[in-house]
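Keep the viewer open and follow along from section to section.

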Amino acid sequence: MNIHQHVDILLAEDSTTDAEMTIRALRKCNLATNLLWVKDGREALDFLQRKGEFTGRTNERPKLILLDIKMPRVDGIEVLRVIMGDDHLRVVPVVMLTSSAEERDLLASYQLGANSYIVKPVDSDAFYRTVTDVGLYWMLENKVAP
Amino acid sequence: MNSTKTSCIQFRHANVPVIALVLGLLTICYLSYASFSSIAEFVRRKHWVDHSHLVRFELEKTISLAKDAQAATRGFAIVGKPEFLVPYQTASTELPEIIVRLQTMTADNPAQARDTLLLKDAAAQVVATFGHTIALRRNSPVAADALDFVAAGTGENVLNQMRVLVARMEERETQLLAQRKQEERVSAYNTQRLIVGGTLASGLLFAGAFWLLSREVRQRRRADGALLAANQKLLENAGRLETANKELESFTYSISHDLRIPLRAITGYAGMLTEDYGDTLDAEGQRLLGVIRDNSKRMGNLIDDLLAFSKFGRKVLSSTSIEMHTLVENVVAELRGYGQSQSPSPSQSQSQSQSQAARIILDDLPAAWGDRAMLQQVWINLVSNALKYSSKTQAPEVRISGRRQGGEIIYSVTDNGVGFDMQYYNKLFGVFQRLHSADKFPGTGVGLAIVKRIVLRHGGRVWAEGSIDQGATFFFALQHKDAQ
């Protein structure tokens, strides 16, 4: 990708279909223009810490991070841990968007400081609705840190 | 059976050392008694020896008194001086006294008593004979008559008679003494043997009891060890079972979880197809897409219910006191609200859209103790079932009741709907078991399985009664809080 691309939403999601549906839902309300989709936690961290293929990227923070939990290599909880341990990144709203409704994941996410935890609805209509709501709320209604 | 046998043997074994201990104690008691009576006997024998000596002393004294009287009589007969008569007078007063004492002392021995009587007579004769000599001398100025009488030997004869009697009696006393000493030796020997034997016996009994007891303690310790090991094994097995159960639960959970992702893609992409290319599809194409979406939704519901079922098995109970009446009122209001709302949840839409509003009668319900969220799920499932299966009846009616009975609180939900065939009762509460087709009454067949699971987790029980087209009643019973 172009390292000079401006990124508002970082989507970390290993499932292609879930990612496509998420992007489709966000595109419908014109929120997907500056969206970067990475396929696992390693790529997400590379982007956030400007390493690997993102070396040389500007120090600009995204306005929203959507994190799946179950991902190959580095999982969402680990990415969240790194974000919350970083003074520069900690102010970015992080929404866990996952299929896991396990208490263990819920607890870990909130304990680390996730801003929201959304279980992906099984029903695709509900899924579209939920992703649209999340995008509208965090990108338009919510005020981000300067 | 086996345990009774074992306890019987243990009981018998336990008795043997007790019996030995009691016998040992009894032996010691008997030994004390025997020693005591042996000492008493010894004291008694000692008394008898003294007695024999005393008898002999008195006997010799009679002879000595009689001899003194003889000498005095002879002296008086020769000299005629009355002061010579003192020993005679002493003898005449003391002899009867001594005889009386001897009679008392020999009263227990017939032979000696007989001889004492003879001695009494002999002594009296001695005193009389000497008295006669003294009288002769007194009545005559010269000693001739008296001396003649002495010389005639009458006095000597009666004295000899006394001597013979005394000798015989002394001999008898000596024999008695010897016999008693012999008896004493035998008795002492017996006592000794008794004490030594008794001490040995009680020692053996105590040692035996000690050995038996210590053996029993050892056996019991071994048994305790075996019991402990068995317990340990049981705990390990329970632990393994729990682990297996947890693994199964987490397996169920991850299976259902992983099934959701492709399913969401199917419905999602079918949706995209409809949105983006719906215009270009003819009616048949639209129908086929609809079939894909409907079946994906149905599978989604199945997975959701399976997940819920798995969750109710894993969730930790958090029990509180529950105002059951209020809880059920809310459940009923919520279920009615769904029925009237324009956008009901997909699984309920079909049943409610075709239904007339059911009459719901809510009786007074007793309070209970349990997990509020879980029991609420029980009511939701039971009441929504009753509404669903009575929805095609002319005047649907659902009655909710509760009562205390024994240590339980029994709740029931009755409807006048299609009921069920009791023949298939054993399938009623099974997972994914359905007694009606999904076309007539939609559902996945997990609702009652969840009900059963929750109630069992509360230590309660569930059952149902029904017949085809005659409605059904579902019961669940919870234990009283104080009974738990």
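## The sheet of chain A

In this predicted model, chain A holds an open sheet of five strands, ordered S2-S1-S3-S4-S5, and the pairing is parallel. Strand S2 (35–38) and strand S5 (116–119) of chain A are at the edges; each has a single partner strand, so one side of each lacks a neighbour in the sheet. From one strand to the next, the twist averages 15°.

For a closer look at one pair, take S3(A) and strand S4 (residues 94–98) of chain A, which are joined in the parallel sense by three bridges. Here A:Leu66 has A:Val95 of S4(A) opposite it. Helix H3(A) packs on this sheet, where it touches strand S1 (9–12), S3 and S4 of chain A. The direction of H3(A) makes about 175° with that of S4(A).

## A positive phi in chain A

The loop between strand S3 (64–67) and helix H3 (76–84) of chain A is worth a stop, as A:Arg73 is found there. Although A:Arg73 is not a glycine, its phi is positive, at about 65°. Is this residue buried or partly exposed? A:Arg73 counts as partly exposed, because it has 13 C-beta neighbours inside 10 Å.

## Strands and a hairpin in chain B

Now to chain B, where strand S5 (residues 408–415) and S7(B) run antiparallel and are joined by eight bridges. One of the pairings puts B:Glu408 together with its bridge partner B:Gln479 in S7(B). S7(B) also pairs with S6(B), again in the antiparallel sense, over six bridges. In that pairing, B:Val462 has B:Phe476 of S7(B) opposite it.

S6(B) and S7(B) form a hairpin with five residues between the strands. B:Asp469 lies in this loop, between strand S6 (461–466) and strand S7 (472–479) of chain B, and is a residue other than glycine with a positive phi, near 60°. B:Asp469 counts as exposed, because 11 other C-beta atoms lie within 10 Å.

## A bent helix in chain B

Helix H2 (residues 86–105) of chain B is made up of 20 residues. From its first C-alpha to its last, H2(B) reaches 28 Å, close to the 28 Å expected at 1.5 Å a residue. Where does H2(B) bend? The bend, of about 30°, is at B:Glu94, and the proline B:Pro96 follows within four residues.

The buried residues of H2(B) are B:Tyr88, B:Ala91, B:Leu95, B:Ile99 and B:Leu102.

## Where the two chains meet

Finally, look at the contact between the chains: 13 residues of chain A are in contact with 15 residues of chain B. On the chain B side, helix H5 (154–277) and helix H6 (283–314) each supply at least two residues. Which element gives the largest share of the side of chain B that touches chain A? That is H5(B), with eleven residues.

What classes of residue make up the side of chain B that touches chain A? Six are nonpolar, five are polar and four are charged.

How values were computed: Residues numbered from 1 in each chain as written. Chains lettered and ligands numbered in written order. Predicted model: local features only at pLDDT ≥ 70, side-chain atom pairs only at ≥ 80, totals over all residues. Contact = placed C-beta atoms within 7 Å. Nonpolar A, V, L, I, M, F, W, Y, C, P; charged D, E, K, R; others polar. Buried ≥ 20, exposed ≤ 12 C-beta atoms within 10 Å, placed from the backbone. Pairing = 2+ DSSP bridges. Expected span 1.5 Å × (residues − 1). Bend = angle between axes of the 7 residues up to and from the residue. Axes fitted to C-alpha atoms, helices over the stretch in contact; angles between N-to-C directions.
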